Every structure is written in C-alpha cells, then in structure tokens.
Amino acid sequence: MERLDKILVSQNVCSRKEASRLIRQKQVTVNGEIATKADVKLDPETAQIKVRGQALEFRRHIYLMMNKPAGVVSATEDNFDETVIDLVPEQFRRRGLFPAGRLDKDTVGLLILTDDGDFAHKILSPGKHIYKRYYAELDSEPGESAVREFAAGIKLNDGTVCLPARLRLLGKNRAEVEICEGKFHQVKKMFAACGLRVEFLRRMAVGGLELDPELDEGECRELSKDEKSVIFISK
Ligand code: URA
C-alpha cells in the first residue's frame with residue numbers, strides 16, 4: 001500500500017506539493033470517489049486513480065528504447081556534456097532513470113533506459129549471455145583471421161581476454177559484431193587488437209530486441225511488454 005501523493009509523484013504526474021493542491025481542488029478521484037487526503041494508502045496496482053478525469057495507468061517501472069545520437073554521454077549527470085537523460089521527454093522522466101549499459105559518446109544506436117535495477121542487471125551481466133550487436137565501419141578491411149580471433153576470444157592489447165564474439169564481414173570496411181560483455185570501449189579495443197580502428201559504431205540490437213528504424217537519433221519511446229521479453233531471447 002502506498003500514499004496517494006507518492007503514487008502521483010512516482011508516475012511523474014506532479015510534485016508532492018502539486019499533488020496536495022490537486023487533491024484539495026478535488027481534481028483526483030480514487031475508484032470513482034473524490035480523494036480528500038494526500039496520505040490515504042492505496043494499492044497502486046488495483047486502485048483506479050483519475051487526475052482531472054484522466055485515468056492514471058500505473059507502471060511500477062519504466063522501460064525506454066532510445067536511439068542515442070553522437071555527442072551525448074550515457075550517464076545520468078555530467079558536468080560538461082549533455083546526457084542521455086537530458087534527451088528523455090518529460091512524460092517518461094522518472095526518479096532513478098538510468099541507461100542500462102553504456103555507449104561511448106561517439107557511438108549511436110540502441111540504448112535501454114529504465115528505473116528497474118534488476119532488469120538492467122539481467123541485461124548487463126555477462127553470465128546471462130545477452131548478446132549486443134553492433135554495426136561498425138573500420139579504417140580498413142578485416143579479414144577472415146579477425147573472424148577466427150573474435151570467435152576464439154580476442155586478447156586485448158592490455159592482455160585482457162574477451163569472451164568469444166561473433167564477427168560478420170559485410171565488405172567495404174564494414175562489419176557486424178556480437179558480444180555478450182560490456183567492457184569499456186570493448187568493440188573498439190577488440191578491433192584494435194586486430195590492427196583495425198573503428199570509425200563509426202552503432203548498436204543495432206540487445207538480445208532479440210532490434211533498434212526501431214522509425215526512431216530518429218535522439219528520440220525515445222516506451223518498450224512494449226513483448227519487446228521487454230524479447231531482449232532475453234538470444235539467437
Ligand atoms: N564498444 C565500444 O567500443 N564502444 C561502445 O560504445 C560500445 C561497445
């Protein structure tokens with residue numbers, strides 16, 4: 001059971017102060033009755049709450065897909081750069097919203113944002129083997145030897161050994177790579193270990209979830225229930 005004003009705040013309807021005001025102004029109903037107290041306790045999963053006649057669709061957590069543009073950092077705060085959180089439209093903002101995994105400042109593509117820590121952990125933990133697929137443009141053409149090295153587990157220039165990864169050559173200095181870990185600059189370092197420099201990197205998929213081609217860079221939208229579960233279906 002949770003306080004009515006807290007529920008409204010958690011759903012980003014208003015601030016705590018505004019919640020009290022809305023309730024005083026008789027703008028909030030619970031199960032068809034005008035709410036009179038901000039601290040009344042309710043089960044947000046079952047109570048029918050309306051604010052100014054509009055039904056509140058309660059969501060315990062929020063799950064967003066963003067097409068991250070270049071030039072913004074995958075962090076919640078930064079002293080210098082714009083963050084991915086700054087790009088999230090007001091209606092999706094939640095306290096505790098964070099990117100589930102990091103893309104470099106110059107990397108674009110699929111980024112999942114959520115306020116659900118357990119969900120993020122399931123995506124990121126290497127033990128869960130959720131593959132992340134990237135499209136890469138390189139400074140020169142990778143050869144079949146790179147495919148074999150990726151498959152065997154690349155040894156980075158600093159000696160770290162990566163888990164086996166799938167590399168698919170697309171011709172014209174382009175390739176697709178799938179990895180199930182998220183070491184810092186991992187894809188760039190893996191190619192660097194084969195003597196190649198990444199000039200452009202886009203994340204295309206996380207598990208079975210593909211980047212929505214309708215989503216422009218900088219845009220985000222909520223994930224459907226199916227999309228949320230398809231993340232955990234690996235191919
Ligand atoms: N690997 C990288 O090198 N950069 C990213 O942004 C993601 C994976």
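The ligand sits in the largest pocket of this predicted model. Domain 2 (63-126 + 208-230) and domain 3 (131-206) both give residues to the shell around the ligand, so the ligand lies between these two domains.

**Around the ligand**
- The shell is made up of L103, D104, T107, Y134, H185, Q186, V187, K188 and L201.
- Sorted by class, four of the shell residues are nonpolar, three are polar and two are charged.
- Helix α5 (residues 186-193) supplies the largest share of the shell, with three residues.

**Polar contacts and burial**
- T107 uses its side chain: one of its polar side-chain atoms is 2.8 Å from an oxygen atom of the ligand.
- D104 takes part through its backbone, where an N or O atom lies 2.7 Å from a ligand oxygen atom.
- H185 also comes in through the backbone, with a polar atom there lying 3.2 Å from an oxygen atom of the ligand.
- How much of the ligand does the protein bury? The ligand taken alone exposes 240 Å², and the protein buries 95% of that area.

**Domain layout**
- The protein chain is divided into domain 1 (2-55), domain 2 (63-126 + 208-230) and domain 3 (131-206).
- If you are tracing the chain, note that domain 2 is listed as two segments, 63-126 and 208-230.
- Taken over C-alpha atoms, the centres of domain 1 and domain 2 are separated by 29 Å.

**Two loop residues with positive phi**
- N31 is a residue other than glycine with a positive phi, near 50°.
- To find N31, look in the loop that runs between β2 (28-30) and β3 (33-34).
- N173 likewise has a positive phi without being a glycine, and its value is near 65°.
- Where does N173 belong in the fold? Its place is the loop between β11 (166-171) and β12 (174-179).

**To take with you**

How values were computed. Residues are numbered from 1 along each chain as its sequence is written. This is a predicted model: local features need pLDDT of at least 70, side-chain atom pairs count only at pLDDT 80 or more; totals for chains, interfaces and linings use all residues. Side-chain values use heavy atoms; hydrogens and water are left out. A residue is near a molecule or strand if one of its heavy atoms lies within 4 Å of it. A polar contact is a pair of N or O atoms within 3.5 Å; within protein, one must be able to donate a hydrogen and the other to accept it, and residues adjacent in sequence count only if both atoms are side-chain atoms. Accessible areas come from the Shrake-Rupley method with a 1.4 Å probe; for residues, only the protein chains shown count as cover. On a 1 Å grid over the protein atoms alone, a cavity is a set of points where a 1.4 Å probe fits but cannot get out, and a pocket is an open set with protein on both sides within 12 Å along at least five of seven lines; lining residues have an atom within 4 Å of a point. A molecule sits in a cavity or pocket if more than half of its atoms lie within 2 Å of its grid points. Helices (H or I, at least four residues) and strands (E, at least two) are DSSP runs, numbered from the N terminus. Ala, Val, Leu, Ile, Met, Phe, Trp, Tyr, Cys and Pro count as nonpolar, Asp, Glu, Lys and Arg as charged, and the others, Gly among them, as polar. Domain bounds come from an automatic or database domain assignment.
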